Amino acid sequence: MALIIRLLLCALLLLPVLGQAAVEVRQFDDPVTEQRYRDLTATLRCPKCENQAIDDSESPIATDMRERVYRQLQDGRSDKEILDFMVSRFGDYVLYNPRLEGRTLLLWGLPAGLVLLGALVVVFMVRARRRTSARDLSAEERQRLEALIKRERTE
Amino acid sequence: MKRRLLLLLPLIGFLVLGAFLYMGLSINPFDRDSALMAREFPDFELTTLEDPERVVDASLLEGEVTLVNVWGEWCPTCKQEMPQLLDLAEDGVRLVGVDYKDTREKGREFLAEFGNPFEVNIFDPEGSLGFDLGVYGAPETFLVDRDGIIRYHHTGYIRPEDVSETILPEVEKWR
């Protein structure tokens with residue numbers, strides 16, 4: 001019984017792997033172009049299906065886009081030309097990696113900015129704490145301390 | 001006291017972020033603007049659905065404000081949308097159809113059954129014009145001004161109230 005359950009669990013784990021094998025088979029002249037095709041189709045977002053790259057969507061528009069990427073690679077276009085081609089039709093929406101430009105500065109800068117801010121806060125806190133603990137007693141405090149000690153001794 | 005207030009900062013930050021993300025939940029992801037807004041209608045050279053011999057290009061859309069509707073026989077929403085398009089045609093709006101990824105036969109059947117509000121239909125069996133328009137489903141509707149510039153874009157179903165609330169005012173605006 002336990003063995004059967006274990007086997008079933010293994011089969012379940014295999015499911016996502018099997019599911020991805022749906023898209024068409026392409027012929028490439030060289031492995032570099034094939035890798036570029038894989039990278040491009042993984043970084044282009046399907047405009048219809050909200051959160052899928054075109055390389056694992058079976059939506060008709062994703063199929064069309066893969067076909068265009070393939071054809072343009074065969075025509076010797078550069079990655080940038082292909083991405084520009086898609087953006088000019090479907091908008092920035094299709095880029096999973098937004099470009100670094102004026103409008104996206106906040107998007108790219110915010111995480112780095114927050115990390116920097118956090119680091120500064122930590123540095124300041126550590127310094128402030130160190131200063132309070134290592135500070136010498138002021139004249140007034142010294143007097144008070146001495147008075148307290150004396151009182152103890154005289155009692 | 002001041003230090004105490006400082007302790008509230010993370011909570012405030014969290015609330016701001018929470019409000020921001022909450023608003024994001026109610027945004028319709030298909031409401032985004034077309035990338036072709038304020039740009040020229042893409043070049044094409046295709047035959048019409050009505051006449052396989054007649055070749056038309058983008059100059060078809062110049063000279064008058066035109067509503068270009070992308071439809072297909074295979075698209076159920078397009079059928080629901082036809083009464084609204086017929087109303088628009090009756091109101092004197094010039095409509096041009098793009099029969100998208102369809103066969104001539106099916107396209108003609110569709111028009112015979114649901115009515116034909118279009119002055120002419122561009123026949124786009126491969127979806128090449130649709131692709132250049134950034135169409136990722138049907139129906140989609142574009143408003144093109146007299147100079148052939150795209151001025152308004154509607155993704156998906158045109159509801160009866162959209163006709164008077166958005167489409168007609170937009171047509172008027174660019175006339």
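In strand S7 of chain B, Tyr152(B) is the bridge partner of Leu143(B). Strands, and helices too, are DSSP runs numbered from the N terminus: a helix (H or I) has at least four residues and a strand (E) at least two. This is a predicted model, where local features need pLDDT of at least 70, side-chain atom pairs count only at pLDDT 80 or more, and totals for chains, interfaces and linings use all residues. Residues are numbered from 1 along each chain as its sequence is written, while chains are lettered from A and ligands numbered from 1 in the order in which they are written.

Stay with S6(B) and S7(B). Five bridges join them, and they run antiparallel. Two strands count as paired if DSSP finds at least two bridges between them. S6(B) and S7(B) form a hairpin, with five residues between them. Gly148(B) sits in that turn and has a positive phi of about 85 degrees.

Strands of a sheet pair through backbone hydrogen bonds, either parallel or antiparallel.

Look next at the pair S3 and S6. Strand S3 (residues 66–71) of chain B is joined to strand S6 (residues 140–144) of chain B by five bridges. These two strands run antiparallel. Here Val68(B) has Phe142(B) in S6(B) as its bridge partner.

Gly97(B) stands opposite Asn121(B) in S5(B). Why is S5(B) largely enclosed by the rest of the structure? Four of its five residues are buried. A residue is buried if 20 or more other C-beta atoms lie within 10 Å of its own, exposed if 12 or fewer do, and partly exposed in between, with C-beta atoms placed from the backbone.

The loops come next. Pro125(B) is in the loop between S5 and helix H5 (128–132) of chain B. Pro125(B) counts as partly exposed because it has 16 C-beta neighbours inside 10 Å. Leaving aside neighbours within four places in sequence, it is in contact with Lys101(B), Asp102(B) and Thr103(B). Contact means that the C-beta atoms of two residues, placed from the backbone, lie within 7 Å. Lys101(B) itself lies in the loop between S4 and helix H4 (104–114) of chain B. Its phi is near 50 degrees, a positive value in a residue other than glycine. Lys101(B) has 20 C-beta neighbours inside 10 Å, so it counts as buried.

Ala38(B) also has a positive phi, near 65 degrees. Its place is the loop between helix H2 (9–25) and strand S1 (45–47) of chain B. With 10 C-beta neighbours inside 10 Å, Ala38(B) counts as exposed. Further along, the peptide bond from Ala138(B) to Pro139(B) is cis, with omega near 0 degrees. Pro139(B) is found in the loop between H5 and S6 of chain B.

Turn to chain A. It has six helices and zero strands. Of its 155 residues, 14% count as buried. The domain assignment gives domain 1 (23–97) and domain 2 (104–154). Such bounds come from an automatic or database domain assignment. The C-alpha centres of the two domains of chain A lie 55 Å apart.

How do the chains meet? The contact takes nine residues from chain B and 11 residues from chain A. The side of chain B that touches chain A has four nonpolar, three polar and two charged residues. Here Ala, Val, Leu, Ile, Met, Phe, Trp, Tyr, Cys and Pro count as nonpolar, Asp, Glu, Lys and Arg as charged, and the others, Gly among them, as polar.

Finish with the core. The largest nonpolar core has 47 residues. A nonpolar core is a set of buried Ala, Val, Leu, Ile, Met, Phe, Trp, Tyr and Cys residues joined through C-beta atoms within 7 Å. Met65(A), Val68(B), Val70(B) and Val144(B) have the most contacts inside it. Helix H3 (residues 60–74) of chain A gives the most to this core, with five residues.
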